[in-house]
Amino acid sequence: ADGSTTSKYTPGGSPWVDNWLVFDNSYFTTINDETTDEELIKLSSDKTLWEDEGFAPYAIKFADQDAFFESYAKAQKKLSELGCKFEEIEN
């Protein structure tokens, strides 16, 4: 469902994946799969990720859950090591 033709209203919006409370790679296995639930949101901007020559290799790679978690772990580690700086808010 791309939101343009649905007559159903879901309070809070509609999910991209069936188990939206589970952290996994299902976005990368669901969006490009035409056999999934038609009520799941599949925007044209999401589908384009598989057509864009710069991002398509990642969309394809992240359909493999091990590759997804490996890349996520590396990125999360980098972010954690960078830390964060907060600027004091002056009252």
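**Lys42.** I started at Lys42, which sits in the loop between α1 and α2 (44-47). Helices here are DSSP runs of H or I with at least four residues, and strands are runs of E with at least two, numbered from the N terminus. The model is predicted: I used local features at pLDDT of at least 70 and side-chain atom pairs only at pLDDT 80 or more, while totals for chains, interfaces and linings use all residues. Residues are numbered from 1 along each chain as its sequence is written, and side-chain values use heavy atoms, without hydrogens and water.

I checked burial next. Lys42 is buried (under 20% relative accessible area; exposed is over 50%, partly exposed in between; 1.4 Å probe, protein chains only). I then looked for a salt bridge (a side-chain nitrogen of Lys or Arg within 4 Å of a carboxyl oxygen of Asp or Glu). Lys42 has none. The nearest side chain of opposite charge is Glu34, 5.2 Å away. For charge I counted Lys and Arg as positive, Asp and Glu as negative, and left out His and the chain ends.

What does the side chain of Lys42 reach? I found the backbone oxygen of Asp33 at 2.3 Å. The backbone oxygen of Thr30 is reached as well, at 3.3 Å.

**Aromatic rings.** I turned to the ring pairs. I paired rings of Phe, Tyr and Trp (its six-membered ring) with centres within 6.5 Å; planes under 30 degrees apart are stacked, over 60 edge-to-face, the rest tilted. The count is 12 aromatic pairs. One of them, Tyr27 with Phe28, is edge-to-face, at 5.1 Å centre to centre and 85° between the planes.

Tyr27 is partly exposed, at 22% relative accessible area. Phe28 is buried, at 13%. Phe28 also pairs with Phe68: the centres are 6.1 Å apart and the planes at 50°, so I logged the pair as tilted. Phe28 belongs to helix α1 (residues 26-30) and Phe68 to helix α4 (residues 65-82), so this pair ties together parts 40 residues apart in sequence. Phe68 is buried too, like Phe28.

I traced the links further. Ring pairs join a cluster that includes Phe23, Trp50, Phe55, Tyr58 and Tyr72.

**Whole chain.** I noted four helices and zero strands, in the order α-α-α-α. Of the 91 residues, 19% count as buried. I also took the contacts (heavy atoms within 4.5 Å) with a separation of 6 or more: residues 24 or more positions apart account for 49% of these.

Definitions and conventions
A polar contact is a pair of N or O atoms within 3.5 Å; within protein, one must be able to donate a hydrogen and the other to accept it, and residues adjacent in sequence count only if both atoms are side-chain atoms.
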